[in-house]
Amino acid sequence: MSPPLPDLETFPPLRAWQRKALVEYLRRRSPDFMAVATPGAGKTTFALRIAAELLVDGSVDAVTVVCPTEHLKTQWALAAARVGIQLDHSFRNADVHSSRDFHGAVLTYAQVGMAPAVHRRRTMTRRTFVILDEIHHAGDSRTWGDGVKNAFEPAVRRLMLTGTPFRSDDNPIPFVSYERGQDGLQRSRSDSSYGYSDALRDGVVRPVLFMAYSGETRWRTNAGDELAARLGEPMTKDLVAQAWRTALDHRGDWMPQVLRAADARLSRLRSHGMIDAGGLVIASDQQTARAYAKLLGEITGEPAVVVLSDDAGSSARIAEFARSEQRWLVAVRMVSEGVDIPRLAVGVYATSASTPLYFAQAIGRFVRARVEGETATVFLPSVPHLLGLASEMEAQRDHVLGKPKDPDGLDDALLERAQRTEDAEGELEKRFEALSATAELDQVIYDGTSFGTGARTGTPEEEEYLGLPGLLTPDQVAVLLNRRQTEQLAAQKRQQVAEAVPPPRAPVVLSAGERRVTLRRQLNTLVAAHHHRTGLPHGKIHAELRRLCGGPPSAQATIEQLEERIATIQTL
């Protein structure tokens with residue numbers, strides 16, 4: 001006997017963007033529809049409402065959901081069951097047919113790629129509505145893409161879901177429409193789009209503060225040379241990758257200092273309204289994940305939960321952490337996409353993954369709003385590429401086919417090469433050996449604007465930023481950060497006046513890094529002054545300066561670009 005149809009009268013109320021997209025979907029009645037919505041916006045609820053509408057009006061007889069991971073299969077099935085749609089998350093390819101106890105099944109992209117013919121027969125047997133969650137995964141390999149296309153071409157309806165940004169490769173994604181622009185390049189076209197800035201304005205997601213930590217790093221190359229660099233200063237891609245890798249090494253001081261700061265921030269949030277706030281450390285590999293968990297245990301006195309994608313019971317540990325009040329979860333990629341743990345409010349981005357897609361998915365774990373005023377804080381290395389992604393978090397990107405690769409973007413392959421070591425027994429030297437690293441707060445990025453003038457870890461200046469209240473509206477976040485920066489600048493000025501100045505001496509020659517910090521501080525001060533004169537948000541003022549002068553966000557801008565923006569804002 002087939003299960004009863006869902007009751008639309010008891011369906012949870014939809015958000016404004018979901019209602020608008022639902023009306024557009026029902027009005028068009030086209031076979032394919034793609035909805036792009038920022039993580040935490042409610043793509044699952046939107047998709048299930050469409051499934052319920054189609055089941056109730058008899059347009060379809062069955063529902064198939066395809067998602068990236070086994071854990072998400074369980075999550076989808078539970079969410080569907082809450083609204084009266086029964087989905088079999090334990091369906092295996094060997095089963096061939098779905099049980100009549102269910103309205104359909106939940107699959108993974110890998111599962112479909114292994115046996116597309118099985119799922120094509122299932123799709124042809126009953127009029128099927130297919131939900132392709134995080135559709136960009138269908139472009140991960142030709143096997144997956146061809147499998148999805150072959151399996152679900154006979155479907156009556158297909159709904160594609162994804163967050164932003166899209167992929168950065170040239171693999172066309174099945175069932176996604178592409179339109180050729182004036183530049184001759186083909187871009188993906190969405191039928192409904194709801195970005196982070198829209199969701200933040202509507203109170204659907206939390207404001208995110210990025211606390212970027214720089215510091216001195218030292219390492220030894222396979223040739224025996226010792227190199228040193230300050231994280232965040234301009235350097236070649238290879239040096240950036242090696243300095244980054246050195247900072248993330250658990251045996252140095254950088255990671256313990258950043259984890260200690262992140263835990264202090266978590267304690268602040270818990271003591272000011274978010275009593276169950278949790279933290280997530282995203283690691284590059286299993287070995288470092290276990291090492292980070294050990295460090296957190298020593299810092300907090302409480303064991304951290306470790307989730308590794310190939311461990312039995314990982315899904316159960318994620319679900320248990322989501323329900324508990326444990327402080328820290330350490331994971332390798334598995335919690336980077338789609339996993340719903342609403343209480344996550346503090347993150348440490350301790351991975352070498354640097355694509356815009358992965359970064360957006362990772363940050364998406366922290367943005368889901370529960371009550372008004374909750375904020376999220378993500379700690380990350382002060383690496384220009386990551387700072388740029390943090391500054392442009394609200395940017396929406398299409399999938400572009402045939403676009404030349406950005407020569408200025410950080411290549412993940414360089415980081416992977418820096419991560420590899422020679423494991424042959426008896427080797428006297430490793431390919432790469434991290435020697436030491438220390439951390440200090442470089443800047444706080446919020447709404448595309450950089451705040452702060454730097455602070456050493458464990459100082460009152462750092463505490464001023466770590467101690468920001470946990471419950472704030474987006475406008476209050478900007479006001480408080482601006483006030484903190486103003487107080488910091490005033491304190492530095494008072495200190496300079498109070499210090500006895502010795503007889504005239506030779507002028508101090510600043511390094512490029514010091515000049516950039518000074519210029520960025522001056523630019524932020526002028527932007528704040530312009531904000532008080534005009535009432536324009538800081539982010540809009542920075543955006544206007546970028547439009548007039550060109551160049552990347554201030555966190556990535558060169559000395560010349562910062563000087564030009566300073567000169568420009570003085571004329572506004």
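Modeller: Arg230 is found in strand β11 (residues 226-231). Strands are DSSP runs of E, at least two residues long, and helices are runs of H or I, at least four; both are numbered from the N terminus. This is a predicted model: local features need pLDDT of at least 70, side-chain atom pairs count only at pLDDT 80 or more, and totals for chains, interfaces and linings use all residues. Residues are numbered from 1 along each chain as its sequence is written, and side-chain values use heavy atoms, leaving out hydrogens and water.

Arg230 and Ser214 are 16 residues apart in sequence, yet their C-alpha atoms are 6.9 Å apart in space. Leaving aside residues up to four places away in sequence, Arg230 touches Ser214, Gly215, Glu216, Met235 and Glu440. Touching means heavy atoms within 4.5 Å. With Glu216, the contact is also polar: side chain to side chain, at 3.0 Å. A polar contact is a pair of N or O atoms within 3.5 Å; within protein, one must be able to donate a hydrogen and the other to accept it, and residues adjacent in sequence count only if both atoms are side-chain atoms.

Now the sheet. Seven strands form an open sheet, ordered β3-β4-β2-β5-β6-β1-β9, with parallel pairing. β3 (87-88) and β9 (192-194) stand at the edges with a single partner strand each, so one side of each has no neighbour in the sheet. Strands pair if DSSP finds at least two bridges between them. β1 (residues 32-37) and β9 have three, in the parallel sense. Ala35 stands opposite Ser192 in β9.
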